[in-house]
Amino acid sequence: MTEQKPSRREAILHALVELLEKDPGARITTAGLAKSVGVTEAALYRHFPSKRKMFEALIEFAEEAVFSRCQVILQEQEDVTVRLQQLVHLVLVFAERNPGLCTILTGDALMGENDALRRRASQFFERLETQVRQALKEGEIRQGLRPRTSSARGADFVLVFIEGRVQRFIRSSFSRLPSSDFEEAWALVSEAVWSHSLQADKPI
């Protein structure tokens with residue numbers, strides 16, 4: 001059975017991601033992208049009216065890939081501590097497997113682009129922070145987990161961990177993998193987020 005050939009639109013997006021991965025600090029031009037795909041700039045614009053639309057399509061792809069899987073974790077995993085661990089690990093592994101996309105989500109590839117586009121990219125982490133915050137609230141309500149701070153501050157701490165690892169991945173030219181030594185690192189993060197169960201305070 002032969003594999004289905006990707007559409008020209010998919011080929012353009014794939015080429016853009018590859019360029020970002022090969023040279024994460026370079027500014028992508030439509031001329032360079034068209035050359036990489038093997039088409040004219042006019043052909044490029046037949047599929048995407050602007051470079052901004054290309055970036056937005058990749059952001060949407062990242063959101064769909066990550067948050068659809070997040071929903072599966074939320075449905076299948078009842079233990080909030082395990083749920084949150086799996087959610088964070090999911091994001092780090094996704095970043096690891098999609099280095100070019102990382103540079104878009106963090107805004108590194110969007111320097112010099114429209115401010116609205118950078119704000120659009122930042123929505124990925126804002127949405128992720130909301131999911132983490134909800135998980136922390138559920139842990140306190142349903143499992144009696146005692147947070148060391150508010151759910152908002154706890155979520156902020158978790159996001160700093162995620163974004164820090166992704167930024168380090170980019171800064172190291174994709175050599176320092178975000179998921180490396182995850183179990184040990186997450187144990188420290190978890191300890192900083194939760195103290196102990198409220199159930200332990202109840203008299204026997």
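Me: Into how many nonpolar, polar and charged residues does the lining of the largest pocket divide?
Reply: In this predicted model, the largest pocket is lined by Glu10, Leu13, His14, Val17, Leu58, Phe61, Asn98 and Leu101. Glu10 belongs to this lining, and Glu counts as charged. Sorted by class, the lining residues come to five nonpolar, two polar and one charged.

Me: Which helix supplies the largest share of the lining of the largest pocket?
Reply: The largest pocket has a volume of about 180 Å³. Two elements, α1 (8–22) and α4 (51–76), each supply at least two residues of its lining. The largest share amounts to four residues, and the helix that provides it is α1.

Me: Are α4 and α7 roughly parallel or roughly antiparallel to each other?
Reply: The axes of α4 and α7 (residues 115–142) come within 10 Å and cross at roughly 5°. Angles under 35 degrees count as roughly parallel. The relation of α4 and α7 is therefore roughly parallel.

Me: How many nonpolar, polar and charged residues make up the contact of α4 with α7?
Reply: On the α4 side, the residues that meet α7 include Phe55, Ile59, Val66, Phe67 and Leu74, along with Arg52 and Glu63. From α7, the residues include Leu117, Phe124 and Leu128, as well as Arg120 and Arg127. The contact as a whole divides into 12 nonpolar, two polar and six charged.

Me: How many cavities of 30 Å³ or more are there, and how much space lies in the largest cavity?
Reply: The count of cavities of 30 Å³ or more comes to one. The space in the largest cavity is about 40 Å³.

Me: Which elements give two or more residues to the lining of the largest cavity?
Reply: Val91, Ala95, Cys102, Leu105, Phe124, Phe125 and Val166 line the largest cavity. This lining has seven nonpolar residues, no polar and no charged. Phe124 is also among the α7 residues that meet α4. The elements giving two or more residues to the cavity lining are α5 (80–97), α6 (99–105) and α7.

Me: What percentage of the chain over residues 29–48 is helix?
Reply: UniProt lists residues 29–48 as "DNA-binding region", in an unreviewed entry. The end C-alpha atoms of residues 29–48 are 14 Å apart.

Me: In what order do the elements of the chain run from the N terminus on?
Reply: The chain has nine helices and two strands. Its C-alpha atoms fill a box of roughly 75 × 40 × 30 Å along the principal axes. From the N terminus on, the order is α-α-α-α-α-α-α-β-α-α-β.

Key: Residues numbered from 1 in each chain as written. Predicted model: local features only at pLDDT ≥ 70, side-chain atom pairs only at ≥ 80, totals over all residues. Heavy atoms only, no water. 1 Å grid on protein atoms, 1.4 Å probe; cavity = no way out; pocket = protein on both sides within 12 Å on 5 of 7 lines; lining within 4 Å. Points joined across faces, edges and corners; volume = space filled by probe spheres on them. Axes fitted to C-alpha atoms, helices over the stretch in contact; angles between N-to-C directions. Parallel < 35°, antiparallel > 145°, perpendicular 65-115°, else oblique. Contact = heavy atoms within 4.5 Å. UniProt positions renumbered as here; feature names shortened; annotations may be inferred.
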